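Visitor: Could you take me through how a ligand site is read in a model such as this one?

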Amino acid sequence: MAKNSIAFRLFIVVLIVSLIAALLITAVRAWLDYRKAMSDIENTFKEIKITQLPVIRENLWVMDEKTVRTAMQGLLNISHLRHVLIEDKGRVIMEIGSIEAGDAMRGEFPLTYTYGGKTIRLGILKVDISRNGVFEELWGHVKVGLFYTVMMVFLVTFSIYFLFQFMFTRHLSDIAAYVKQIGIDGLEKELLLEKKKTSPQNPDEIDRIVSAINSMRLGLKTTFDELQDEIQTRKQVEEEKARMEEQYLQAQKVEAVGRLAGGVAHDLNNLLIPILGYGEMLRDNLAPDDARLKFIDGIMDAGFRARDLVSRLLAFGRKQTLEYRTIDLSKAVEGFEKLLRRTIREDIEIKVLLSPDIHGVMADLGQIEQVIMNLAVNAAEAMPGGGTLTIETTLADLDEEYAATHPEVEPGEYVMLVVSDTGCGMDDEVRKHIFEPFFTTKGEGGTGLGLATVHGIVRQHGGSIWFYSEPFKGTTFKIYLPVTGKVDAGVATVEKTAPTDLHGWETILLVEDNEHVREVSRAILEQFGYRVLSAESGSEALRVLEDHESSVHLLLTDVVMPGMNGRDLFTQASALYPGLKVLYMSGYTEDVITHRGVVDEGIQFIQKPFAVQALGAKVREVLEGDKTEAPLNYSGL
Ligand SMILES: Nc1ncnc2c1ncn2[C@@H]1O[C@H](COP(=O)(O)OP(=O)(O)OP(=O)(O)O)[C@@H](O)[C@H]1O
Ligand SMILES: [Mg+2]
């Protein structure tokens, strides 16, 4: 019996209280018994007076001593009556039995006899009842009563203890053990008291405690699960934020490199113009069976590759001159899908999920196709054993929450282009560098300019690019382009018909600060039959115009030159020659003729480096076209 258990304490309390109660009850009973015994003695004396006294008196009168003695003897049969004596004036006449002086409760009865009208005194009958005898009997009753009561008390108390233990304490112990082990992981396990019978219709207090604990457990579990979810979400947001910040920092670095690359590309462009221009003219001047054609083709081939590289560097450095239209990205992907299927290996499944309900974005279709192609080729290369390439377009509302985790993203409506693969994915090290130009893990097989170009194009479009990649799981690129409004109906499909005869006779004023470019351009134009006046700066060009007597038809000018830029030159020149037409040439996007990389409306423009045929075609197009109605531009090589 554990001393600190409730059952034990209950046992002790019930025991003490019951014992006190038992003692009190016994005492009361003893007192009542005592009162009854006293009244019994009174009654005994009365009875003696009525029944025995006449017998003794009659026989004492006739001196029948024997009968008197017998009668007295009979009195001794009364319980606790120990001593009977007849006395007359202090003299003992007859005495039976004995008693100690202090022990006696005495009854005295005068013995008189009436004879001849006279009352004759015969003596006094004294009977002594033993007080101790009465008390002993009473005490005997008390002892028996007390014994049974105490036995009863113990029996009842033990019963209560065991019942309490059985009905309450052991379940409480089970509950305590359950609550102690429950913990965060144990919230799944329901509290069930296996030792207890429960009636769901009629639950007792323990059942109610169990059900309360179970409800509390469920409540805790829900709260804990919610808390877990909350922590998980926050963790994900933090991770996402960290990842995006890392990508942002990388992007900043890449953009700095991009500026450098753009500058280098510009200078390379000027070097490529004479190489390609003279090369092309040389080739045209050689007979088809001339053995030197092979060398020239080699030079031209290298020149073309260099031109591609320059063009990609320009794209990376955000220096491409873009032809913006408001396009429907879903339609753009749809139109590009066929080419994509021909380019991507057959063991790769291409899934195209296009949202039909997409808003327009301002974009250069060709550049967007370039983006998709670069991403798709990368995806295919990441899945050497085959896999799935998914291209998706959808409308995305980027809210404040998204903007908070993605640096430099303004909340708003975007069109999202997602390109994902189930390929090899990237580890941390690769992830850090992918947008850097010339970073490749493909050795000789890659230039490392694919993603740098993608990055430049997306940023030049005012969009943002993010990626998610895990080794062996795959990679997802997400591109967001800001929504601009309605799609330009049909503009993207306008076909240009290039002039077939590129020869002309007109006079062209060629203005270019780079001597090599100027010379090769002059040579090309002269080859087509034009009369060429040339100048190396704007002021010299104006002087040439002033000195020139006959008409000048076209101003072919570089955009950025020391002193006066191409546009200002045209403004001043057209004052001298009101009908003068203009064709700008530039290596990369210049704010002079473009607005944030977009060629201004109505401006004729040719991208450097240009091919001989392209320059010829463009010059004819400008000379034959109406200046005011000229198409946006034609940057094509
Ligand atoms: N979808 C992809 N899955 C796994 N890794 C990729 C993925 N896309 C790009 N990468 C990694 O990023 C690097 C850079 O890609 P990027 O397109 O700029 O260059 P490249 O593909 O190596 O060369 P290039 O595109 O000029 O042929 C790749 O070498 C590759 O390691
Ligand atoms: Mg690539």
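Guide: Begin with a contact: a backbone N or O atom of Gly-450 lies 3.4 Å from an oxygen atom of ligand 1, a polar contact being a pair of N or O atoms within 3.5 Å. This is a predicted model, in which local features need pLDDT of at least 70, side-chain atom pairs count only at pLDDT 80 or more, and totals for chains, interfaces and linings use all residues. Residues are numbered from 1 along each chain as written, chains are lettered from A and ligands numbered from 1 in written order, and side-chain values use heavy atoms, without hydrogens and water.

Visitor: Which other residues place polar atoms by an oxygen atom of ligand 1?

Guide: A polar side-chain atom of Thr-441 lies 2.4 Å from a ligand oxygen, and a polar backbone atom of Leu-451 is 2.8 Å from an oxygen atom of ligand 1.

Visitor: How much of ligand 1 does the protein bury?

Guide: The protein buries 92% of the 590 Å² that ligand 1 exposes when taken alone, with areas from the Shrake-Rupley method and a 1.4 Å probe.

Visitor: What makes up the shell around ligand 1?

Guide: By residue class (Ala, Val, Leu, Ile, Met, Phe, Trp, Tyr, Cys and Pro nonpolar; Asp, Glu, Lys and Arg charged; the others, Gly among them, polar), the shell divides into eight nonpolar, nine polar and four charged residues. Helix α7, a DSSP run (H or I, at least four residues), gives the most to this shell, with three residues.

Key: Polar contact = N/O pair within 3.5 Å; in protein donor to acceptor, adjacent residues only side chain to side chain. Helix = DSSP H or I, 4+ residues; strand = E, 2+ residues; numbered from the N terminus.
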